[in-house]
Amino acid sequence: MTTTFEEEQTDKSQDTMENLYIIFFIDGREYGIEIRYLIEIIAFQPITFIPNLPPYVKGVINLRGKIIPIIDVRLRFGLPAIEYTDFTCILIININNLSAGLVVDGMKEVLKIPKEAIEPSPGFEETNMEKFVEAIGKSGDTLKILINLQKFIQEKDIKGMV
């Protein structure tokens, strides 16, 4: 079986992103999402409010001509709102051909977490977090809460905004 140059490059690209996570802060804790969903990180910018959206969907931004819905991760987790700071930034992600911006308290790093250092979520059935937490990643002495973006981004919340 032969593969095309594009297929080989795609395979190499997927291999290099395997087990890579973008790590960010929310409420002083470290969270991660798979880097394959990340398009870019931008500084916080004014958000155009749109009425009648869930409270965690803050509105939209115009990113180089593309309208991007913005979700405040802190509010999506059920945490209280805080004022945005110079460290606040927006992760532009794409999942299932939907782009969205995730407002986070701050960035930490891109981190490779080996499969053997990732354990399934222990279960937080009494909290709002259970539906978002996919696993816990261990890195040195710290733990990273790995988010399941498929569950975090509710298509119904942002569809029709873009």
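Over the face of which ring does R76 lie at 5.7 Å from the ring centre? The ring is that of F152. R76 also lies over the face of Y56, at 4.3 Å from the ring centre. Here, a charge sits over a ring if NZ of Lys or CZ of Arg is within 6 Å of the ring centre and within 35 degrees of the ring normal.

A word on the ground rules comes next. This is a predicted model, in which local features need pLDDT of at least 70 and side-chain atom pairs count only at pLDDT 80 or more, while totals for chains, interfaces and linings use all residues. Residues are numbered from 1 along each chain as its sequence is written, and side-chain values use heavy atoms, with hydrogens and water left out.

Now for the overall layout. The protein has four helices and eleven strands; helices (H or I, at least four residues) and strands (E, at least two) are DSSP runs, numbered from the N terminus. Of the 162 residues in the protein, 42% are buried. Buried means under 20% relative accessible area, exposed means over 50%, and partly exposed is in between (1.4 Å probe, protein chains only). Contact means heavy atoms within 4.5 Å. Among contacts between residues at least 6 apart in sequence, 56% join residues at least 24 apart.

Five of the strands make an open sheet with mixed pairing, in the order β3-β6-β7-β5-β4. Its edge strands, β3 (38-43) and β4 (57-63), each pair on one side only. From one strand to the next, the twist averages 30°. Axes for such angles are lines fitted to C-alpha atoms, for helices over the stretch in contact, and angles run from 0 to 180 degrees between N-to-C directions. Two strands pair if DSSP finds at least two bridges between them.

β3 and β6 run antiparallel and are joined by five bridges, with I41 standing opposite L91 in β6. β6 and β7 also run antiparallel, and seven bridges join them; here I92 stands opposite G101 in β7. The two strands form a hairpin with two residues between them, and N96 in the turn has a positive phi of about 50°. Six of the seven residues of β6 are buried, so this strand is largely enclosed by the rest of the structure. On to β5 (residues 66-72), which runs parallel to β7 and is joined to it by three bridges. The bridge partner of I70 in β7 is G101.

Then there are the aromatic rings. Rings of Phe, Tyr and Trp (its six-membered ring) pair if their centres lie within 6.5 Å; planes under 30 degrees apart count as stacked, over 60 as edge-to-face and the rest as tilted. By this rule the count comes to six aromatic pairs. In one of them, F77 and F132 have ring centres 6.0 Å apart and planes at 35°, so the pair is tilted. F77 lies in the loop between α2 (73-76) and β6 (89-95), and F132 in the loop between β9 (118-120) and β10 (133-139), so the pair ties together parts that are 55 residues apart in sequence. F77 counts as buried at 5% relative accessibility, and F132 is buried at 0%. F132 also pairs with F152, edge-to-face, at 5.2 Å centre to centre and 70° between the planes. This pair links distant parts of the chain, as F152 is in helix α3 (residues 149-152), 20 residues apart from F132. F152 is buried too, like F132. F24, Y31, F77, F132 and F152 form one aromatic cluster.

D105 is in the loop between β7 (98-104) and β8 (106-112) and counts as buried at 19% relative accessibility. Its side chain reaches the backbone nitrogen of D27 at 2.7 Å; a polar contact is a pair of N or O atoms within 3.5 Å, where within protein one must be able to donate a hydrogen and the other to accept it, and residues adjacent in sequence count only if both atoms are side-chain atoms. R74, in helix α2, is buried as well, with a relative accessible area of 5%. The side chain of R74 reaches the backbone oxygen of P80 at 3.1 Å. Leaving aside neighbours within four places in sequence, R74 is in contact with residues including I26, D27 and D105.
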